[in-house]
Amino acid sequence: NPARGFATYQSTDWSIVRLGLPYASDGIVWTDRLFLAGDDRDPNVVVWSDPFRLGAFPQNNFLRLASNGDKFSVFALIYDWLVIFQENHTWVAKRNSDGSFSLELALPDEGCIAPNSVTYIEGHGVAYESNKGWRIFDGNNARDFVLAIKPALQSDPRTLYRVNAGYRHKS
């Protein structure tokens with residue numbers, strides 16, 4: 001049972017909540033829930049909290065990504081969708097009108113091999129390093145990074161400056 005050991009907490013004492021969270025290599029807030037994945041013991045299980053209760057992980061809030069020797073890599077957001085990268089597959093979760101979400105395999109033969117490479121480029125999508133080189137994923141298709149941004153670079157050389165705008169203050 002991949003949900004074994006996940007507990008629900010109703011405390012605002014973050015030191016207590018932290019002790020109850022599943023092990024994860026990455027986490028992201030989407031649809032008012034905290035999504036976690038990347039536990040070495042079960043690398044393809046994604047768990048999520050209750051809405052607005054980021055420390056509450058009910059036992060039935062999990063899914064297992066198809067494995068085939070693949071494992072979870074990193075989360076990303078594009079538009080109002082959650083992108084779930086494995087090393088060789090890319091999944092997209094979309095919110096349904098009833099508040100639930102659906103998961104679809106967007107790229108069956110391509111994922112992210114370098115979790116720290118992921119960055120959002122406004123107007124283009126999510127850039128990342130894959131087993132096919134540097135790519136940009138727009139939520140439906142992946143394209144070669146250089147070919148995708150070449151027109152933008154030619155029309156506005158400040159494009160690269162904007163690519164990492166969110167990270168400039170960290171350098």
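I took strands as DSSP runs of E with at least two residues, and helices as runs of H or I with at least four, numbered from the N terminus. The model I looked at is predicted, so I kept in mind that local features need pLDDT of at least 70, that side-chain atom pairs count only at pLDDT 80 or more, and that totals for chains, interfaces and linings use all residues. Residues are numbered from 1 along each chain as its sequence is written, and side-chain values use heavy atoms, with hydrogens and water left out.

**Entry on Ser73**

I looked up Ser73 and found this residue in strand 5 (residues 72–78). Ser73 counts as buried because its relative accessibility is 7%, where buried means under 20% relative accessible area, exposed over 50% and partly exposed in between, with a 1.4 Å probe and protein chains only. Leaving aside residues up to four places away in sequence, I listed Phe85, Gln86, Glu87, Cys112 and Pro115 as touching Ser73, a contact being heavy atoms within 4.5 Å. Phe85 is 12 residues from Ser73 in sequence, and the two C-alpha atoms are 5.4 Å apart in space. I also noted that a polar atom of the Ser73 side chain lies 2.8 Å from the backbone oxygen of Cys112.

From Phe85 I went on to its bridge partner, which is Thr90 in strand 7. Strand 6 (residues 81–86) and strand 7 (residues 90–95) run antiparallel and are joined by 4 bridges; two strands pair if DSSP finds at least two bridges between them. The hairpin from strand 6 to strand 7 passes through 3 residues. Thr90 also has a bridge partner in strand 8, namely Leu107, and 6 bridges join strand 7 to strand 8 (residues 101–107), again in the antiparallel sense. The hairpin of strand 7 and strand 8 has 5 residues between the strands, and there I found Gly99 with a positive phi near 95°. Lys94 lies over the face of Trp81, at 4.1 Å from the ring centre, under the criterion that NZ of Lys or CZ of Arg is within 6 Å of the ring centre and within 35 degrees of the ring normal.

I then traced an open sheet of 4 strands in the order 1-2-3-4, with antiparallel pairing. Strand 1 (26–30) and strand 4 (62–64) each have a single partner strand, so one side of each is left without a neighbour in the sheet. Strand 1 pairs with strand 2 (residues 33–37) over 5 bridges, and within strand 2 the bridge partner of Ile28 is Phe35.

**Entry on the aromatic rings**

Which residues do ring pairs link into a cluster? I found Trp30, Phe35, Trp48 and Phe101, with rings of Phe, Tyr and Trp (its six-membered ring) pairing if their centres lie within 6.5 Å, and planes under 30 degrees apart counting as stacked, over 60 as edge-to-face and the rest as tilted. I counted 8 aromatic pairs in the structure. Trp30 and Phe101 form an edge-to-face pair, 5.8 Å centre to centre with 70° between the planes. This pair links distant parts of the chain, Trp30 in strand 1 and Phe101 in strand 8, 71 residues apart. Trp30 is buried, at a relative accessible area of 6%. The pair of Phe35 and Trp48 is stacked, because the ring centres are 5.8 Å apart and the planes stand at 25°.

How values were computed
Polar contact = N/O pair within 3.5 Å; in protein donor to acceptor, adjacent residues only side chain to side chain.
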